[in-house]
Amino acid sequence: MSDCVKPISKRYVEPFFGGGAVLFSLFNCTPFLRWVGGKRKIADDVISALGTSEFDYYLANDLNEDLISAYKEVKAHCLEVTDWLRRQPRTAEHFYKVRDNKLGLLKGKRAIYLNLFGHGGLWRVNSDGIYNVPPQKDRLENLNLDRICEQIEKASVVLLSVVLQNRNALEVINDCVYGDFVYCDPPYLPDSTSQFVNYTAKEQSALEFHSQLADSIIAASIRGVKVVLSNSPSAVSIYTRKLYHVPYVKYDLQMRSSSRSIGV
């Protein structure tokens, strides 16, 4: 972005929203969902890399329809969600009824319950797209649901200011314009010992996905979009190789933790 021209407005965009730790941190709000990746640990680093914590608009996107449904439900019907959660039995038997959707629940409520009481907060589906995570016994027995409901109520206020979308992340980035600030935390590129899980299409490899994401970041940066990226160390070489050699793009990867790198 030119130092001489200021954008009319500043929009914050998360194409891979997940648990929303960074966006909620902008409002000093605690995320109410558990999500693999631990973005809460690097939220301050990400905000520092963005160069500002004040925005005029907010957009949160995720390809996981159940996840976005959960946020939409909290945004529109917060008290109904918390009241429903408090009334649910906390047993393995009930968990499986919710998991197998034998109760005919809306996607949002179901996703929140499964996230709170599923093992490790994982959202894992089988080849048929069916959620198959087992319950976590200690969460069913000991989770402080009153605290979670308080977090949900505070998050609902934040979400009133957020546009929620369920789209392909690359489409969201490609739609970003001058004045937008984008934080990308895509699904991690596994190392050589990990079993790859496809991200956007069954026929697409991890390397193809990250390569396409790097191209989208390059194009967005040239349009005047400020982009911050975090991912596993195994993906560093892809972005370093692509972004270091493109005119008008500043990209400086720095290791900030044992499991995460951040690039600007």
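Here are some questions and answers about how this predicted model is put together.

This is a predicted model, where local features need pLDDT of at least 70, side-chain atom pairs count only at pLDDT 80 or more, and totals for chains, interfaces and linings use all residues. Residues are numbered from 1 along each chain as its sequence is written, and side-chain values use heavy atoms, with hydrogens and water left out.

Q: How many helices and strands does the chain have?
A: Helices here are DSSP runs of H or I with at least four residues, strands are runs of E with at least two, and both are numbered from the N terminus. On that basis the chain comes to 11 helices and seven strands.

Q: What share of the residues of the chain counts as buried?
A: Buried means under 20% relative accessible area, exposed means over 50%, and partly exposed is in between, using a 1.4 Å probe and protein chains only. The chain has 264 residues, and the buried share is 49%.

Q: What share of the accessible surface belongs to carbon and sulfur atoms?
A: Accessible areas come from the Shrake-Rupley method with a 1.4 Å probe, and for residues only the protein chains shown count as cover. The chain's surface comes to about 13200 Å², and the carbon and sulfur part is 51%.

Q: Among contacts between residues at least 6 apart in sequence, what share joins residues at least 24 apart?
A: Contact means heavy atoms within 4.5 Å. Counting the chain's contacts that way, the share is 71%.

Q: How do helices α4 and α8 run relative to each other?
A: Axes are lines fitted to C-alpha atoms, for helices over the stretch in contact, and angles run from 0 to 180 degrees between N-to-C directions. Helix α4 (residues 78-87) packs on helix α8 (residues 145-159) at about 170°, with axes 10 Å apart. Angles under 35 degrees count as roughly parallel, over 145 as roughly antiparallel, 65 to 115 as roughly perpendicular and the rest as oblique. So α4 is roughly antiparallel to α8.

Q: Which residues of α8 does Thr-82 contact?
A: Thr-82 lies in helix α4, and counts as buried because its relative accessibility is 2%. In the α4 and α8 contact, Thr-82 is one of the α4 residues taking part. Leaving aside neighbours within four places in sequence, Thr-82 touches Cys-149, Ile-152 and Glu-153.

Q: How is α3 oriented relative to α6?
A: Helix α3 (residues 65-76) and helix α6 (residues 107-117) pack at about 105°, with their axes 7 Å apart. That angle makes α3 and α6 roughly perpendicular.

Q: How many charged residues does the contact of α3 with α6 have?
A: The α3 side brings Glu-65, Asp-66, Ser-69, Ala-70, Glu-73 and Val-74, while α6 brings Lys-107, Gly-108, Lys-109, Arg-110, Ala-111 and Ile-112. Ala, Val, Leu, Ile, Met, Phe, Trp, Tyr, Cys and Pro count as nonpolar, Asp, Glu, Lys and Arg as charged, and the others, Gly among them, as polar. The contact has four nonpolar and two polar residues, and the charged count is six.

Q: What is the handedness of the crossing of α5 and α6?
A: Helix α5 (residues 92-99) packs on α6 at about 140°, with axes 10 Å apart, so α5 is oblique to α6. A crossing is left-handed if the near helix is turned anticlockwise from the far one by less than a right angle, and right-handed if clockwise. For α5 and α6 the crossing is left-handed.

Q: How many residues of α6 are buried?
A: Helix α6 is mostly covered, and what covers its buried residues includes α3, α4, α5, α7 (137-142) and α8. Among the buried ones are Arg-110, Tyr-113 and Phe-117, which also take part in the contact with α5. Of the 11 residues in α6, the buried number is 10.

Q: Which residues does Ile-217 touch?
A: Ile-217 sits in helix α10, and counts as buried because its relative accessibility is 2%. Its C-alpha is 9.5 Å from that of Tyr-239, 22 residues apart along the chain. Not counting residues up to four places away in sequence, Ile-217 touches Val-227, Leu-229, Tyr-239 and Leu-243.

Q: Is Glu-54 buried or exposed?
A: Glu-54 is in the loop between α2 (43-50) and β2 (57-61). With a relative accessible area of 60%, Glu-54 is exposed.
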